[in-house]
Amino acid sequence: MSSTLTWATLRQVKCDELEGAADGWGRAANRADAARDRIEKQLLNGLRETQRGEAAEAAVGRLRRLARNFQYVYTECGLLRTALNSLAHEMKDQQRALRDALDDATALGFTVHADGSVTYPEAGEGLIGDGPLQGGTASGVAGPGLVAPSGLVAPNPNRAKAQDIADRVVRAVRAAAETDWRYADILRKLKAEEGLRVPDATWTDAAADAAAVRDAAGGYLEKAIPLDATPAERKEWWARLTDEQREEYLAVYPDRIGNLDGIPALVRDAANRDNLRLLIGKLEGLDDDAAATKLVALREIDRQLQAVPRAGDPPMYLLGIGDEGNGRAIVSYGNPDTSRNVAAYVPGLNTSLDEEFSKDDLKRAFDTAKGARYHDPSSTAIVWLGYDAPQSPDGFSSLAVSADSRAGEGGGAFNGFMGGLAATNENDDPHLTAIGHSYGSRTVGAAAQQAGGIPGVDDIVLVGSPGVGVDRAEDLGVGKDHVFVGAAQNDVVTKIPSKQQSLIGVFEHALAGPAASYLAGDAADRGGDDLWFGKDPASAAFGAKRFRVDEGPPVVGPRGFSIDAHSQYFDPVRDSQSANSIALIASGNSQKVKVEGHR
């Protein structure tokens, strides 16, 4: 369309041809996606299983690059499809507004001219004489409310009606011209680099392309996403969509769909794998330390997703990914929709989307899943970094920790996630477990205290806990016999005394962090059952079941200061008792857990 768009041209725009072109790009996107899927699930796996040596490794590398290229084709073709469909959608709106105005003109006997002006006939009665008032022509104003009144009111009753029609015509034409200009700019930028190579810089461009199409297609697609609905309602919304609608959402809004609780796990995984590439491209285009830190984690997660699982290992699913705040990542080992037993682990203080998370925290979920599957093959374990855990170099002296605000916000988000698992699980009565480590146990405690408790959860596991915000296990909503605690003898975090213990509280808050509180804790808390966030979960007063754990390395030993006892609860090598207890609970076999006395 030219910049001199007229209402006659707008009326003749063939939106069905735009939608037909969109369908063609959609078919191209689907073929690219099918090709990528075949490479990743058939060719690569077959090559790794049957071939060895440098030639095989070189072939694997080339196939991976080809799969990435098809992924890029899928992304760009999907963006083209949505851009064209959204353009047609907006044009149809303006055509509808124009048609209504023209129909009104016809019904009144008015004439709409090529320039949009409207001629109306004589009508009414003059102030002098008996004849009707003279007709005239009204010219449209795009924003009639911005035009000052002339002070004279035309007595012909047709005048106001003609002015309204002329204004509606010009508004429809100008809106269509703006739409045309906006989408022309977007479509010009949707172009691929020549050749078969798709470097990181190209993904940076793709991320910008996706953002532009998302902005443009907000009215076409985004408004329909049920962000404020329950997980069950979102599941139903997704089920009602056509295949074509789902494809568009996955192509343009992989970030929204991939992180939407209530959407099936396989869909979230597919969306997040695509969004992962876009995020890597986006962060590649930034030059700051935070982006660099997240990039390391994203690349490591991507590497693990591309690896072929060893025989017996649970498959990996990416249920959430994002760069907001300190970063988001939800990784599942096993399919949470088909497993009878699903455990979600919430990490704690100083956890963010960085290299340590992508290696250590993912391994904790993997070890838990593998241990649980030993007791029941229908078991899955998830690491959930769906909130901003407090970040503090000096530990629990952080005001963010003491204020509890992060736990409250995280608890709400965790409940939404668990509600999504309960909604999409295909078993009649799935067994769900919430696991909180360190400050993550405080987050789980906050989730349990919200109305209705944690959706679907049967058991709660607290390890390395500084307290959970309640003083009794029964206050967590699952019954005290379903609350399990692991607290290593040498874990400093499980001995941080209460904030109300003024002498140590002030000293710890101002100067030394948890280590000093641990070393001096007995002086402030002779009873030993008051921690930073309430009663010690391992105490008799709290009333949970305490399972056996290794005592861990001493805080001060031959090799100097160490807090390693705080981080080995999930490790089947360094603390097999604890890891196996967690696996038993996660697999629905909590009755087999060996308990020990409270402290």
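Arg36 counts as buried, with a relative accessibility of 11%. Buried means under 20% relative accessible area, exposed over 50%, and partly exposed in between (1.4 Å probe, protein chains only). The model is predicted: local features need pLDDT of at least 70, side-chain atom pairs count only at pLDDT 80 or more, and totals for chains, interfaces and linings use all residues. Residues are numbered from 1 along each chain as its sequence is written, and side-chain values use heavy atoms, with hydrogens and water left out.

Arg36 belongs to helix H2 (residues 15-50). Helices (H or I, at least four residues) and strands (E, at least two) are DSSP runs, numbered from the N terminus. The Arg36 side chain makes a polar contact of 2.8 Å with the side chain of Asp274. Such a contact is a pair of N or O atoms within 3.5 Å; within protein, one must be able to donate a hydrogen and the other to accept it, and residues adjacent in sequence count only if both atoms are side-chain atoms. Leaving aside residues up to four places away in sequence, Arg36 touches Ala67, Phe70, Gln71, Tyr74 and Asp274. Contact means heavy atoms within 4.5 Å.

The largest pocket has a volume of about 1,300 Å³. Its lining comprises 44 residues, of which Lys41, Asp269, Arg273, Leu305 and Met316 are the closest to its centre. Pockets were found on a 1 Å grid over the protein atoms alone, as open sets of points where a 1.4 Å probe fits, with protein on both sides within 12 Å along at least five of seven lines; lining residues have an atom within 4 Å of a point. Grid points are joined across faces, edges and corners, and a volume is the space filled by probe spheres set on the points. Elements that each supply at least two lining residues include H2, helix H3 (54-108) and strand S4 (316-322). The lining divides into 19 nonpolar, 5 polar and 20 charged residues. Ala, Val, Leu, Ile, Met, Phe, Trp, Tyr, Cys and Pro count as nonpolar, Asp, Glu, Lys and Arg as charged, and the others, Gly among them, as polar.

The second largest pocket has a volume of about 700 Å³. Among its 33 lining residues, Asp255, Asn259, Ile321, Gly322 and Glu324 are the closest to its centre.

Helix H17 (residues 576-586) is largely enclosed by the rest of the structure, because 8 of its 11 residues are buried. These buried residues pack against strand S6 (341-346) and helix H11, among others. Just after H17, Gly588 takes a positive phi of about 85°.
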